[in-house]
Each structure stands twice: as structure tokens, then as C-alpha cells.
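Visitor: I would like to learn how to read the domains and the core of a model. Please take me through one.

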Amino acid sequence: MRKWTLIMLVALMGLVLLAACGSPATPTEPTAAPPTAAPPTTAAPTAAPTTPPEAPAEPTAVPVQEPDKRTQNLEGEKITFYHFGDLSGPYAAITGPLVFGMEDAVKAINERGGIRGATIEVRFADTGGSIDEAVAAYDRFVGSDPNAMIMITYGSGEVEALASRFAEDKIVNLSAGLSAIGFYGPESGYTFGLGPIYPDQFGLFLDYITANWATIKPASAGDEIKLAYLSWPGAFGQGALTPKTRAYAESLGVQIVAEETYDLSPTADTTTAILNAQAAGANVIWTNTLAFGPAALMNGLGALGLKQEFVLGGCNWAMDLATYAFVSDPSLAVGLISPFPYLWWNNADHPGIQYAASLFEANGRPAGARNVGYLMLVTGVDIAVQAIEKAIDTVGFDNLNGEAIYNALTTMGPIEALNGVVRVDYANGVRAPQQAQIRQIQGGPDAFNVLQDWTQMPDLRP
Amino acid sequence: MAVLRPSGDFDTSYEHDLAVVRQRWQWALLLLLLLALFTLPYYAPAPTVSLINRIGIAIIAVQGLNILTGYTGQISLGQAAFMTVGGYISALLVGAAGWSFFLALPVAGLGAGLVGLIFGLPSLRVKGFYLVMATLSAQFIIPWLTRHIYPSLLNGAQGINVPVPTFSLPVIANTCFLGTTFNAELGTCVYRFATPSQFIHITLGVLIVSTIVALNISRSRLGRALISVRDNDLAAELLGVNLFAYKLKAFFIAAVYAGVAGALLAHNLRHINSQTVGLVDSIMFMGMLVVGGLGSNLGPILGATLVVLLEELATVLAPPAAALLPTLAGGATAALKPLLFGLALMLFLIFEPRGLAHRWMLIKAAWRLRPYAR
């Protein structure tokens, strides 16, 4: 009898708890289904709304302040930028500079008076490269701030895992993890890229090599382009190889003859993968890796004496100073071809690059951090600030939220972040830049020279 | 060590002799603890709820490993791979086949169990390090398969998005009950376990069931047979214990637990791919078991809790460490998590090789023997 009383008591407690698990609703006011598609974009922009400012992140427009909404003089207010990435795992080499770029850009904006007077606060969480940790960090941020409106992420895996949450919670995510699924998956919508998605990058590379094969092909190669995809396993490493890119390669007459993976480790042995690629008749190698990833391939090609047998291409992250930290001989990096969706530190007369360089020096960052990550995040903060300013003008500071920033981003038209260091237009359902240059390493570090100027990339969105 | 009972705690019936929770105050404490856990979202900050959620899932995976390694003495480094199997099965059943999560969860466990059986086959012929190598192969084969087979279904290395668990109730008297909301598309009232505050109820529910099952396995004929295999397999065989069958049972049960934990993880993360859990996680699970105490039902709970909390500590410490030593960012801070884990493991192996569970037993015994305990 006592046992049954106890069971009934526990069951009753369970029911009470279950009943308390949410707020009851009636069918008369149905709750919207969770988003299954990208939120609709508003009308396409008609013209570029702003002229790039001299000091890129400084407030530009001075709109007339309506009595019912605060758009100016926001002193004492705070806007929080949340970001999380891998500072203690395999991607730490690239995340460190990304974080520096973010912090320095925000610090400079705050020193200039913030966003219309509101101070930007930065909160960071280390994920250690684990998706589990990334979701935990997200939960932590959202749990501590009911009006979390913007987050910056750095990993493809994180973006893919969190895309539906960003859309559901209406939090804008600016991401350096350029996963196509993260941006354009069925439950995505609020995730925007700071660089082009990997399939588009791969497509642009394929365009370039097919158009210029006669001049760039290795001496031993024939007229047929045979590509080996040698990369890391996982969301990032395999991010460029989608059904659409395969079909696109086929349409260009490029055969993908080998697909090999190697370890996500600075000491990875790539010789087996390279020899398999050679055995399959490949004359082009593409890698979707960064820092020690392309370096491992370069070292492998050097060790095997096969450097001259392949055209080596990689995603934007491959062409970076971080690669030089791991390559055994700098000359092994010469010849790498990459889509390059931003300007570079050696464009020293460009005001955006000068601005980034001044931040870098003013904050005394280590030389190793002067790389793509730092530049991309200074640019990313500029995009975020432009969008927030537009959102404040539209809805007022008191109504500022993720949805307002989303609306601002998608209606801003062409954005030339940091005066054109990155070019992007998030209108019409496009959520990542679609313009890039093609560059090649033609000398020592920093000699990333332009082979092809800004070009519209092939649209290989899933 | 001998089980020390409080003075006056006698067995008055066979039921009482078998009881795990023996005293009324113990029942009251247990119910209070459960109440505190289930109502956690109402008083604890969201990050804490999220953390408890992760601890809960880790405990389930380690409970499985405890049956295999702690009770049966078979070392496995494939637990995370079996989690991947469970995660994929549940994701496909719910996402592609439209099953209810609550039906898919046990099926994911059974599916992972069957895969675990395959990797348990070498256990009859090999032991110790060789068995570690055999189970390690699961950690390479299974992720490789998820990346390369049925790309249209498993989506290769990108993995698949996993739906949020839901349950539906009919609309009664034009009203939705039990916290559900009306879904016009389905025409029913739906409850979505979308946030950690909601998902934790599933995790805790499964954790309670998994703990009861693990507890009963260890107290049953099966558990005694497993322990005999661990302690002396030759003697066990001479006593009539079928080594092969019992080792396979242990592998099956461990993989079922891993599969269930994997399904929970996948639905909690809403995404799974070949790298969601990996070799490092398998090693961490083994470390959690060592820290908590092998062959004890309390061990997985204490070990997983401590190690996940240490991971959390490393996450909290990394940014200030990077700010303090900017030139070492991404270098020294990268080592923080493995450093703390390794340090804890080393200290336990030196000072308390029987784990936290044994230390807890000692504390309880000392408390009951007070003031005579040293």
C-alpha cells in the first residue's frame, strides 16, 4: 500500500512538473511553427545607401530623431557583442587573431564614443573546438541576456549546429565559419557570412583554372584538368564538396579523381594522400584547410619532390600568414592559388587596411596575429556596427533587437566594409559575400599577389 | 570494504534486505533531490541548467562504460563511436522517418547495442591492450562510414540537422494542456523540448531509468557473472559462466547506453556529424570512470560531474589566461583543458585509485563510526 502511495505521489509530481513546463495556449491563437525556411527578405535595395566613411566604423548619418524613439545620445547604454570560438583546441591558431581583431575593433569604436554613445560590451566563450561547448556557450549567453541580438562565431561546425537556434531566437550571427549549410540550410536564416561560402570559393577556383589552364598547368600535365580534393574530415574540411560543386566541376570539364582526408594535426602525414592523388592522375589539388592544414600538404609535396606536378589551390584561410608558421620552407608555399574575398595587409595605401594596421599596432598585438583572422573581424565589427546603426535609426534604441538588425542587414544593399576591404550585399536571400579576387603566393610571406581582380563568384548555394 | 549501516538499521524482511533506499529519511532526501533537479529551470540560471544537461548525458554514457569496464573488466575506447551510431539512428528516425523521439530513443540504443556487439566479438580472443586496439577501431570505422555511405541520407562530413523532440496532445475543449501550444500545421497541441530548460526533463528522466537499470544489473545474476569475468575469467568459466556470452552482453549493454546518450546529445545539439563526438570523448569517458570509481554505481555520476565541471573551469579560465599571456594565446591556453583533466586523472591514480565513490564510502563510514573513526 505504501509503495502504491509513493508511486502515485511521484506520478502526481511528474504531472505537475510537466504542466509547468510551458505556458498554456489556446487554439484560437495558434503559435507559429518553428521556422523551416529562411525568413523572407524585404525588397531588394535600389542603390548603395551610404558612402564609405573615412574612419570606417564611425557613425555617419545623423537622422532626424523622432520623439518616440531614441536614435542619438545613447550614453550610458550598452550593446553586447557575444562571440565564441576555439581558443583551446585545434583551431586555436586562427581563433586567437580573430578574437584580437574583434576586441581591438570594439575598443576603437568605444573610444570614439561607441554606437551613438552606447558602449559595446564584448563577451567571449572558449569552445575548445567542440560543438557541445559551442551550444553550451550559446545557451549561457542567451540565458543571461533575454535580448541577445548579435553573436559572432568562427567555426563551420558551430554554425551548422546553431543555425536553427539563431533563427528561432532571432539572433543575428555573423560568422567566419563559411559553411553553406549553416547559411542556407532549411532551418537557417539569421546566419550571415563574413566571407564567401566554401562551395562558391571552390567554384571560383574552378572557373579560374579552367580559363587559365594553358598558362598555369604543370609541365607534365595534359589538357584535362584532374582534381584531387585533399582535406580535413569534418564540416570545414569537406565544406566545399557538395553535390552542386561536383556538378559544377563536371560542367566545366574538371574531373574530381581523388578524395582523401588527412589528420587535423600540425604533424599530419599527407604523403599517402598525395601519392594516391598522383596515382589517380590528378594535376590539381584543392584543400579546405587552414594554418597547418595547407602547410602539411606543402611539406608533403616538398618531401616527395612533387611540388611541380600539381597546381595547389585552397580556400581563403589557406592563403594566410598562419600557414607560414607551419611550412618547413617558405618557398614551398609559392604558387598556392586561393579565392581572396578581402584586401590584404600589403594593400597598405587602402584606408581600411591602414585602419586595421593602426589598431593592430596600437594594441601591441604579436606579429603572428597579423593575419586573415584579425582583418576579417575588424571588418566584421564594421559590418555589425553599420547594421546596428541602421536598425537604431529604423526602430529606435529601445526596440533594438536581433530581428531589427536582421532587417537592417538584409536591406542595407551593397556594403563596402572598411571602405571596401570586404564587399557584400545581404539582400535577396544572399547571406555571404559573393565577390572575391584570385590571388597567388608569388614570393615570401605577405606576397599574396592578385591574379584576377574582384569577380562575381558562381552561385553554388545549396 | 564492509557496508556499515547506521545503528539500529536491521533487516526485518527480505524486501528490506534487498532495498537500495532503506530509510524514510533517505526516501525523503531522494525525492527532494529529484524535485530540486526537475525544477532546476525555475530557480537556476540557464547556463547552470545547460551544464547539468551535459553532465546528465555524460553520466549515461559513462554508466554504460562502467558496466563494460568497471564490472566486466573489458576496456573499450569505442564508447563515443557508439554514441555517434545512436545519434544518427535517432536523427534519421525522427527527421527522415517521422518517428516520435520517445520511440526513436530506445531504438537508437538497441541499434547502437547491435553495432557494439560486432566490436565486442574480438573480446573472446584478446584482452587488455589488444582489446583496446580492437575497440579503438570502432572510433575510426564508424565515423568513416558516416562520412562515406549513403551521402544523400547521412550528408557526408557535413552531417545532418536533428529535429527538436516534441510530444503532441489533442486539443481538449478548445484548449492546450500541459504547457503545449497549438500547432496549426499539425492541428494538435505540441510541446517542444527546444531549450536546455525543457530538454533537461528528458535527460533527467532517461538518467533515472538508466541509473535504476545499472543498479539492478549490478545486483542481479548478470552483474555477479560480469564481476566474476572481471575478477578471474578462468574461474568464472569453470563455474559455468559462459565468457563469450557475458562479454558480448556487457558490450551490448554498454553500447545501448552509449546509443541512448548519443541520441540525447544529437537532439540536444540539434546536429550530428562524424566529429560531434570522437576519440577524445571516449578517452574522457574512461577518465571520468577512473576518477569516479570503476565498478561502482556512484562512480559514473561523480566522475562525469567532476570532469565536466573541470572542462567548464578550463573554458572559463582560457580567455583570462589568453588576455594575461597574449603571446601564448592559442598555445598555453590550448593545453588548459587536457592539463586539468590529466592532472585530475594523475592525482586520482596516485592518491585515490578507487575513485571518488570509494572516498565517499570512506566518508560515510567515518561519519557512522564517529567519534571512533580516525
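**Domains and core**

Guide: Chain A is divided into domain 1 (78-196 + 348-431) and domain 2 (199-340 + 441-456), with bounds from an automatic or database domain assignment. This is a predicted model, in which local features need pLDDT of at least 70 and side-chain atom pairs count only at pLDDT 80 or more, while totals for chains, interfaces and linings use all residues. Residues are numbered from 1 along each chain as its sequence is written, and chains are lettered from A and ligands numbered from 1 in the order in which they are written.

Visitor: How many residues of domain 1 of chain A are in contact with domain 2 of chain A?

Guide: Two residues are in contact if their C-beta atoms, placed from the backbone, lie within 7 Å. Here 16 residues of domain 1 of chain A are in contact with 19 of domain 2 of chain A. On the domain 1 side, α4(A) gives the largest share, 3 residues; helices are DSSP runs of H or I, at least four residues, numbered from the N terminus.

Visitor: Which residues have the most contacts inside the largest nonpolar core?

Guide: A nonpolar core is a set of buried Ala, Val, Leu, Ile, Met, Phe, Trp, Tyr and Cys residues joined through C-beta atoms within 7 Å; buried means 20 or more other C-beta atoms within 10 Å of the residue's own, with C-beta atoms placed from the backbone. The largest core has 247 residues, and I405(A) and A61(B) have the most contacts inside it. Helix α12 (residues 243-269) of chain B gives the most to this core, 17 residues. Domains 1 and 2 of chain A both give residues to this core, so it lies between them.

Key: Buried ≥ 20, exposed ≤ 12 C-beta atoms within 10 Å, placed from the backbone. Helix = DSSP H or I, 4+ residues; strand = E, 2+ residues; numbered from the N terminus.
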